[in-house]
Each structure stands twice: as structure tokens, then as C-alpha cells.
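I opened this notebook to record, entry by entry, what I looked up in the structure. The sequence and the model come first, and my notes follow.

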Amino acid sequence: MDQVLLLLLDAANYVLVIVLVAMGLVIVFGLMRVINMAHGELFLLGAYTLVMLQQAGLSYWIGLVAATLLVGAVGLLMEELVIRHIYHRFLDTILATWGLSIMIKQGVILLFGPGAQSTAAPFAAQLDLFGTPYPAYRLFIMGVALLVVAGTFYLFFRTRFGLAARAVIASRDTAACLGLPTRAFDRATFAYGAALAGLAGAVMAPIMSVDPQMGLGFLIPAFLAILVGGAGHLGGPVLGAGLIGATDSVTASLWSPVLAQVVVFTMAVVAIRLFPGGILGGRRR
Amino acid sequence: MLQIAGLESGYGGSRVLRGIAFGVAQGESVALLGRNGMGKTTLLRSIMGLLPARAGEIRFAGARIDGRRPEQVAKAGIAFVPQGREIFAELTVEENLLLGAMGRRGLGAAVPEAIYGRFPILKERRNQRGGTLSGGQQQQLAIGRALAGRPRLLLLDEPSEGLQPSIVLEVAAALRREIEEQDLTLITVEQNVDLALRVADRCLFLENGALVAEAPSAELRRDPTLLHKHLAI
């Protein structure tokens, strides 16, 4: 019983972490049609921001907020300097953001060296869940991920801002003719996606090795989640992350991590074959 | 209200508009007539800023608007209903109208109740998705959305396209009331002469990107020679 509960908790944890990372990616990819290869590096910047601020003696919470805001600002800069010139040039966005990802990663190596940094979680307590001890910080991460999903859905589907942003995405020219400031919405949407990556990096930093390669491990499952779930609707990647994360962690703990990779990729191939636009892709026009 | 002088515009290497010059007074309704491919849509898109003017100037309420982006032109008080209506099919009727109001008057704006008074069907269908409406209802929604921002000048591209005659009459009547009651200025591009003569005070004829003739609608009704000459009737 304990084993089953632990397995479920670990699976839920992994799913929610992928959702947290994928959410920023899907806003930028699904809504703006830009594949942001530098998303993993924005995640990295979030983690390093937290580590540096904590080493400077500031509290974890200040670091968390600062990482989110700083990486959001980096996203704003990226959009203004690079991305806005290459919207609608799909392949060029991959190349350009890949270049940015190399720049950021090498910049981090120059500044902080290739080695791993580490930082402590703000609380190390173990919570007793039905007789099974579980790290409270992992539950906190799950809570943050759920909040991010709920907040993002609220922002895009329940507010005036979200309505206007969806209109700009649906048809730029029409939105512009109505007087909506399309450039401002591009900037805000891209910066929001980047800020989520920064937040994810900072939240994850205490439970992983903070090194220049850390973004990669989450980027691949996040992209898979988008492909499987579909990019046309914000719910797609949430569903995709659920399928991939659950399959991965259940297979890994019952058999082996290697088999888990095989199963996950096989599942992704089958899902993409059956639903070329993603499982929720049919909802797109 | 709108003054255009020496306007040249086009796509890529081709010049579509050649030295267009005309003016429209406040509260006036003008129809742009001509066969297909004569530059009517290009002219509306150039006024709206969707297509850059290569030469000449466009003044609206005294200020130059050529070279401005579409959202700035919209903010200045010009609304555009494109050919094919371009409503947001995935959004509800009310959300479509709300976007029209928000675009010009900020995120907090509300849909003016007068829009629902003008087009009662939109009130009835307010929670339905735009894509589920019939062609005539979509046209009313597109016009309603444009009017929701309370523009001073409305540009309409082929409002009668794909509509049955009874709906065309309804749309024409709604536009006429808007012009008279709200002091709206209107420029309509039309193939449907019946609608054009009903809605417009004056008709301009476009041929190969240049204005070649103009006449008051009342005169054209008495003597349709110009209509026969410039349109394929």
C-alpha cells in the first residue's frame, strides 16, 4: 500500500513538473507558433538567479519572485531584439532561439563555471501522508504547478486581457483593425511564457543539480507533451504531460528507467500517428 | 472628414492604385463601385494602414494617417469590416462585440446597448459561437463589432457578398439608420448596385486603380448610363 501511494505521488509529481515546464513552452509555441529552443535556458536562468540570490543571503521567496520577474524581462528582451523580426518564419525561429540557447548556456558557463551549484529548499520537513513520509517541498512544487495551470487558464479564458490575446492570436490583422495593440500582446505573451520558465527553474533548483545542462532533461518531455496533447489548446499539453509523465514514472519504478524511455517514445509515436495534431488538436480550426 | 490626395499603393512590384484623390464629408455615405480587380479593396486596405501608401497622403479629421499602423488608424476612429467578415469563429457573439469595444476604448469597455438594439438577432445569439451563425448574421456581427468601438468612419468591403436579397435590405436599412442617427460616415465597396444606391449618397467609379467618374445616387437611379458603362451589368 505504501509502495503504491509513493508511486502515485512520484508520478503526480513528475507529471506536474512537466506541466510546469511545458506551460511556458506551449504558450509560446502553441499560441505564437514559435518553437523556443531557448526555453530550457530560461529555466536554467531561473534556477541560477535563485541560487545566486540565496548565496547572497536573500531569502528563498525573494529569489523565487526575482527569478520569475528577471527571466520574464529576459524574454521581453529576446522578443524585442530577435523574435519579432522572424514571426511567420517558422524554421528561422528554431535556428535563432537555438542560437540564443547556446549564448545563454555559454554565458552561464563563463560566469559561473561548468560545475554544479546547489541550494537548499526553504523547508526540509517530511509530511506524513496516510502513514507514508513524503517531502513537503515536493508537495509545494505540485501546488505551484497546479496554481500555474489554474492561473494561466484563468488569465487566457476568463479575463479581458486573455480574450484580446486570443483574438490577436486568431487573426492579427482583424485584431489590429479593431484597434487592439498587437505588438503589446506579442510582448506580453512571450514574456509571460518566459517568466513561467524562470519560475519553473527556481522552483526545481533545490531538488536538482543546478548546472548548465539542467534545462535539457525537462525540455524533451515538455516538447513530447505538447506533440502528444496538441498545441492548439492550452489543455493539450496538460493532457500530454499527464500521459507521458505517468507512463514514464510508473514504468520506471515498476521495471526500469530504460524501459520507461522506450515505452514513452513508443507511446508518443503511436499517439502522434493516431492524432497528428495532438489528442486535443482537433479543436483547432 | 476623410481627404485623400495622390494616393498610390500596391502589392510587391505591381501598382494597383494610381493617384487616387477624393474626399468624404462627415455624415456622408459613399459607395466605391467598379468591376473586380479595379483596386476597391486595395483602397480600403490602404486607408486602414494594412497596406502602406507609396505616395500621396490620407488625412482623417485633419491629421495625416498614412504611414500609421492599423491599430493607430482604428484608435483614430476608423473601423473596417473586411470582405469575408473575419469574425472570430471560436469566440461568442458577445466576445466578438466586446473586442470591438475594447479595441478602441480600452480593456474595460462594455458593448454599447445600442448595438443590440440595432441588431436584435445578436442579442438573442449572444452566447453562441460566432462560427455557428448564418452568413447574414455573421455580417451583422461584423458590422456590429465595428460599430461597438463607436467609430466616426466605417469602411465596408462587400457587405452583401453571399447574402440573400432580403438580408441585404435589412443590412442596408440598419446602415442607413446608423448614418442618420449617429452621424456615421460610411465608405462601402460594393458589387451589388441595389445596396450601393440604397446606402450611399454618392457613388465613385474605380477603373484600373484610378477614379474615373462620380455621381449622386439619386441621379444614377434616374439615369443608369454610368452604371452600365463601369459595371458588368
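How many helices and strands does the secondary structure of chain A come to? I found 11 helices and two strands in chain A, where helices (H or I, at least four residues) and strands (E, at least two) are DSSP runs, numbered from the N terminus.

Before going on, I noted that this is a predicted model, in which local features need pLDDT of at least 70 and side-chain atom pairs count only at pLDDT 80 or more, while totals for chains, interfaces and linings use all residues. Residues are numbered from 1 along each chain as its sequence is written, and chains are lettered from A and ligands numbered from 1 in the order in which they are written.

**Entry: chain A as a whole**

Reading along the sequence, I wrote down the pattern of chain A as α-α-α-α-β-β-α-α-α-α-α-α-α. The radius of gyration of chain A (taken over C-alpha atoms) is 19 Å, close to the 19 Å given for 285 residues by the globule rule, so chain A is as compact as a globular protein of that length; the rule is 2.2 Å times the number of residues to the power 0.38. Along its principal axes, the C-alpha trace of chain A spans about 60 × 50 × 35 Å.

I then looked up burial, and 45% of the 285 residues of chain A count as buried. A residue is buried if 20 or more other C-beta atoms lie within 10 Å of its own, exposed if 12 or fewer, and partly exposed in between, with C-beta atoms placed from the backbone. Of the contacts in chain A with a separation of 6 or more, 74% are accounted for by residues 24 or more positions apart; two residues are in contact if their C-beta atoms, placed from the backbone, lie within 7 Å.

Is L50(A) buried or exposed? L50(A) lies in helix α2 (residues 39–55) of chain A, and it counts as buried because it has 31 C-beta neighbours inside 10 Å. Leaving out residues up to four places away in sequence, I found that L50(A) touches G63(A), L64(A), A67(A), T119(A), A202(A) and A205(A). One of these, T119(A), is 69 residues from L50(A) in sequence and 8.4 Å from it in space, C-alpha to C-alpha.

I also looked up L274(A), which is found in helix α11 (residues 257–274) of chain A and counts as exposed, with 8 C-beta neighbours inside 10 Å. L274(A) and T49(A) are 225 residues apart in sequence and 41 Å apart in space, C-alpha to C-alpha.

**Entry: a helix pair in chain A**

The axes of helix α5 (residues 136–158) and helix α6 (residues 160–170) of chain A come within 5 Å and cross at roughly 70°. Axes here are lines fitted to C-alpha atoms, for helices over the stretch in contact, and angles run from 0 to 180 degrees between N-to-C directions. α5(A) and α6(A) are therefore roughly perpendicular to each other, a label that covers 65 to 115 degrees. In this pair, L155(A), F156(A), F157(A) and R158(A) of α5(A) meet F161(A), G162(A), A165(A) and R166(A) of α6(A).

**Entry: the sheet of chain B**

Strands β3 (residues 29–33) and β9 (residues 202–207) of chain B pair in the parallel sense over four bridges, and A31(B) has C203(B) in β9(B) as its bridge partner.

**Entry: where the chains meet**

How many residues does each chain give to the contact? I found 21 residues from chain B and 17 residues from chain A. On the side of chain B that touches chain A, the elements giving two or more residues are α2 (70–76) and α3 (93–105) of chain B, and α3(B) gives the largest share, seven residues.

Conventions. Angles under 35 degrees count as roughly parallel, over 145 as roughly antiparallel, 65 to 115 as roughly perpendicular and the rest as oblique. Two strands pair if DSSP finds at least two bridges between them.
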